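Please examine the sequence and the structure shown here before reading the report.

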Amino acid sequence: PADIVHPDGSRPGDALVVTKGPAVETTGLLTTLFPDQVDLPAETLTVAQERLADTGVVRDALAAADAGAVSAMHDATEGGLLGALFEMADSAGVRLVVDSDDVPMLPGVRETCEALDIDPWRATTGGTLAIAVAPEDADAVVAALDAQDTPAAVVGRVESGEGVVLDGEPQARPEGDASWPVYERLLADRE
């Protein structure tokens, strides 16, 4: 159907919106499965475990698509947010330019990733959407997401070219998911 938004439609000039941020699923999953192995204060651990409730995207995708001229959308899962950005850029033949300071970071994510030595940008983050949208509609998309309590922000833009540029530096494509070796380590340590 014509109203389906695919991940390959980003166009130079589009604004880039991100919801929720990196490592959402990784944070919720690892702190829930291995609470005794994650060195965090009890309150931070509880907040981190709540990230599992943030892994849905359908409601957010519908709100974004209804709010403006969305040209592409992708759920950031394996390979993390950075992996999803590469998939979007490659499939559309464009470059995505991102300012990390503008990307949402849910409570408990930074602390969990630091405690487990995980690169949050390359870790599974089911629940996060990367959205390319006409620049004149970007604020409306963010407002629609905000109205349903989904953190979102304009974090960058789509340009001619290829790849992903983060904070002015070209990035290398993730070679897998940063959370997998940590999961394996935690599982082995528990046995």
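## Basis of the model

This is a predicted model, in which local features need pLDDT of at least 70, side-chain atom pairs count only at pLDDT 80 or more, and totals for chains, interfaces and linings use all residues. Residues are numbered from 1 along each chain as its sequence is written, and side-chain values use heavy atoms, without hydrogens and water.

## The sheet

An open sheet of mixed pairing is formed by 7 strands in the order 2-4-1-5-3-6-7. Strands (E, at least two residues) and helices (H or I, at least four) are DSSP runs numbered from the N terminus; two strands pair if DSSP finds at least two bridges between them. Strand 2 and strand 7 (169–170) stand at the edges with a single partner strand each, so one side of each lacks a neighbour in the sheet.

Strand 1 pairs with strand 4 in the antiparallel sense over 4 bridges, and Val-18 stands opposite Ala-130 in strand 4.

## The nonpolar core

The largest nonpolar core has 23 residues. Such a core is a set of buried Ala, Val, Leu, Ile, Met, Phe, Trp, Tyr and Cys residues joined through side-chain atoms within 4.5 Å, where buried means under 20% relative accessible area (1.4 Å probe, protein chains only). Helix 4 gives the largest share, 7 residues.

Val-103 touches Val-18, Leu-81 and Trp-121, among others, contact meaning heavy atoms within 4.5 Å.

## A helix pair

Helix 1 (residues 24–33) and helix 7 (residues 179–190) pack at about 5°, their axes 11 Å apart. Axes are lines fitted to C-alpha atoms, for helices over the stretch in contact, and angles run from 0 to 180 degrees between N-to-C directions. Helix 1 and helix 7 are therefore roughly parallel (an angle under 35 degrees).

Terms used
Parallel < 35°, antiparallel > 145°, perpendicular 65-115°, else oblique. Buried < 20%, exposed > 50% of the residue type's maximum accessible area, 1.4 Å probe, protein only. Lists of a residue's contacts leave out its neighbours within four places in sequence.
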